[in-house]
Amino acid sequence: MTLLLSNEDVEAALSMSDCLDALETAYRDLGLKRGANGVRSELLTPTAHADALFSLLTMSGVVPGFGIGAVRINSDIIAWPVSHTGPRRTKLPAAPGSRYTGLVLLFSTSNGEPLAIYPDGVAQRMRVAGTTGLAAKYLTRTDARDVALLGTGWQAGGQAMAIAAIRNIRQIRCYSPQAERRESFAHDTQAKLGIECVAAASAKEAVSGADVVLLATNSLQPVFAAEWLEPGMHVSSLSRLELDPKAADAADVAFTHIRDAESKTVRTAGADLGSEAERRKSALSREIGQATRPELSDLVLGRAPGRRSVREITLFLNYSGLGYQFAATGHVIYAKARELGLGRELDTNLFTSAVPS
């Protein structure tokens with residue numbers, strides 16, 4: 001039988017601790033070529049929504065050691081709104097009921113059968129945050145206590161969970177341009193994690209004196225300046241354009257998530273929105289030498305040194321998401337869901353065929 005899970009089921013099945021453990025094993029395997037990551041493919045076309053594009057995105061990966069293959073599929077309406085803080089790439093909740101459309105499909109490497117189907121929302125947040133947390137485990141000072149979090153959206157909440165899972169955090173200072181939103185985020189995060197979380201009046205105020213700085217925005221312009229770096233600080237970034245590129249040169253130790261994840265974007269005629277931002281991202285990747293930096297697998301395997309002193313400034317560029325991460329987290333989600341009796345069982349024959357495909 002194939003499991004059909006909800007986001008609530010995934011949240012119940014995947015703890016941050018289990019997520020970190022699974023990702024650490026998976027990245028060791030990837031670095032030893034015992035795992036496989038597929039091509040990230042995005043097709044962009046015009047849509048009925050004004051000033052937006054339709055995006056069909058797929059990514060995949062296999063962790064043979066877990067016996068799991070995964071495919072993630074997103075069907076999104078993407079817009080690039082401009083506010084007083086600049087342009088941002090944003091997914092619109094355009095599906096019926098003002099919802100988003102993203103699915104993860106898990107498969108057995110033993111017999112090819114479909115094991116589970118679930119929305120990608122919670123899994124996406126956890127795999128991104130878990131990757132940040134795994135790098136921070138090796139790059140932050142062991143006595144890191146104060147965290148600055150720039151961004152107060154869905155991904156930012158996951159980043160807070162990850163850093164709290166690997167260090168004994170005393171305080172989180174969060175900032176985003178809208179005062180009401182950052183105050184609400186601070187309240188909710190403190191209630192969820194049991195850690196003091198305060199809303200800062202500015203990004204610089206949040207960052208000053210922080211041991212760890214987590215950037216989790218969808219900004220298409222820098223939100224963190226290189227001159228804000230302090231001795232002993234660790235900085236992590238989720239989006240290429242949110243980080244001042246001078247910070248990469250100023251860091252004593254810098255790792256990228258992965259150097260050579262294959263990615264392909266195809267735009268049809270009339271699908272030009274956001275193309276300038278993509279060109280800027282590519283140019284910034286070249287400027288910061290992303291393709292030549294040691295990667296997360298090198299860090300986990302000890303092939304490249306991480307933090308060597310308490311005064312070193314360390315940097316992690318958590319760019320280029322992988323389908324492989326969904327296979328790693330999917331292993332935990334499926335096993336735990338079975339253990340807890342979560343989800344609905346569907347006849348596997350609905351998804352398999354008696355004739356060759």
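**Strand β11 and the sheet around it**

In strand β11, Asp146, Ala148 and Leu150 point to one side while Val147 and Leu149 point to the other, and all of them are buried. This description rests on a predicted model. The strand spans residues 146–150 and is mostly covered, with 5 of its 5 residues buried.

The setting of β11 is an open sheet of 7 strands, paired in parallel and arranged in the order β13-β12-β11-β14-β15-β18-β16. Two strands stand at the edges, β13 (196–199) and β16 (253–256); each has a single partner strand, so one side of each is left without a neighbour in the sheet. From one strand to the next, the twist averages 15°.

Helix α5, made up of residues 179–193, touches β11, β12 and β13, and its direction makes about 180° with that of β13. Helix α4, residues 154–166, lies across β11, β12 and β14 (212–215), and runs at about 165° to β11. Both helices therefore have β11 and β12 among the strands they meet, if contact is taken as heavy atoms within 4.5 Å.

The two helices also meet each other. The axes of α4 and α5 come within 11 Å and cross at roughly 35°, and the crossing is right-handed. On the α4 side, the contact is formed by Ala156, Gly157, Ala160, Met161 and Ala164; on the α5 side, by Phe185, Thr189, Lys192 and Leu193. By class, these residues divide into 6 nonpolar, 2 polar and 1 charged.

Helix α4 has a further helical partner in α3, which comprises residues 121–139. The axes of α3 and α4 come within 8 Å and cross at roughly 40°. That angle makes α3 oblique to α4, and this crossing, too, is right-handed. Among the α3 residues that take part are Val122, Met126, Ala129 and Lys137, which belong to a group that meets α4 residues including Trp154, Gly157, Met161 and Ile166. The contact of α3 with α4 has 10 nonpolar, 8 polar and 2 charged residues.

A separate site concerns Gly35, which is found in the loop between α2 (16–31) and β2 (36–37). Is this glycine buried or exposed? Its relative accessibility is 16%, and because residues under 20% are classed as buried, Gly35 counts as buried. Leaving aside residues up to four places away in sequence, Gly35 touches Asp29, Leu30, Val62, Pro64 and Tyr324. Asp9, by contrast, lies 26 residues from Gly35 in sequence and 26 Å from Gly35 in space, C-alpha to C-alpha.

Notes. Residues numbered from 1 in each chain as written. Predicted model: local features only at pLDDT ≥ 70, side-chain atom pairs only at ≥ 80, totals over all residues. Heavy atoms only, no water. Pairing = 2+ DSSP bridges. Helix = DSSP H or I, 4+ residues; strand = E, 2+ residues; numbered from the N terminus. Axes fitted to C-alpha atoms, helices over the stretch in contact; angles between N-to-C directions. Parallel < 35°, antiparallel > 145°, perpendicular 65-115°, else oblique. Left-handed = near helix turned anticlockwise from the far one by under 90°. Nonpolar A, V, L, I, M, F, W, Y, C, P; charged D, E, K, R; others polar. Buried < 20%, exposed > 50% of the residue type's maximum accessible area, 1.4 Å probe, protein only.
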